[in-house]
Amino acid sequence: MTIEDCISAYCMLADKVFEKKSHRVTLNGKVQGRFSAAELEKVVKKVIVEQNLNQDELFKDLADSCKV
């Protein structure tokens, strides 16, 4: 991804994931998180698919891992 692609993807991700919720406390008194984990997963998978990659493939590649 180019830098411009990364910035664009992050802006889309931030708009979807960190959407302001009207109430931070539910009716049964539980505090809601500041972001939606389900929405984060959905948006990250969308970005991965847009890059023509498999959304379920593991990120870590042991053959090319850092040796530092």
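The legends below describe close-up views of a predicted model.

View 1. The protein contains 2 helices and 0 strands, and buried residues account for 10% of its 68 residues. The protein exposes about 6,200 Å², of which carbon and sulfur atoms supply 58%. When contacts between residues at least 6 apart in sequence are considered, 29% of them join residues at least 24 apart.

**View 2. Helix α1 and its buried face.** With 15 residues, α1 reaches 21 Å from its first C-alpha to its last, which is close to the 21 Å expected at 1.5 Å a residue. Its buried residues are Ala 9, Leu 13, Ala 14 and Val 17. Seen down the axis of α1, these buried residues fall within an arc of 135 degrees, so they line one face of the helix. An α-helix has 3.6 residues a turn, so residues three or four places apart point the same way. The cover over the buried residues of α1 includes α2, whereas Glu 4, Ile 7 and Asp 15 are exposed on the other side of α1.

**View 3. A nonpolar surface patch that includes Phe 18.** Tyr 10, Phe 18 and Phe 35 together make a nonpolar surface patch of about 350 Å². Phe 18 lies in the loop between α1, residues 3-17, and α2, residues 37-50. The relative accessible area of Phe 18 is 46%, so this residue is partly exposed, and it can be counted in the patch because patch residues need over 30% relative accessible area.

Notes. Residues are numbered from 1 along each chain as its sequence is written. This is a predicted model: local features need pLDDT of at least 70, side-chain atom pairs count only at pLDDT 80 or more; totals for chains, interfaces and linings use all residues. Side-chain values use heavy atoms; hydrogens and water are left out. Patches are made of residues with over 30% relative accessible area and no salt bridge: like charges are joined within 9 Å, nonpolar side chains (Val, Leu, Ile, Met, Phe, Trp, Tyr) within 5 Å. Accessible areas come from the Shrake-Rupley method with a 1.4 Å probe; for residues, only the protein chains shown count as cover. A salt bridge is a side-chain nitrogen of Lys or Arg within 4 Å of a carboxyl oxygen of Asp or Glu. Helices (H or I, at least four residues) and strands (E, at least two) are DSSP runs, numbered from the N terminus. Buried means under 20% relative accessible area, exposed over 50%, partly exposed in between (1.4 Å probe, protein chains only). The expected span of a helix is 1.5 Å times one less than its number of residues. The arc is that of the directions from the helix axis to the C-beta atoms. Contact means heavy atoms within 4.5 Å.
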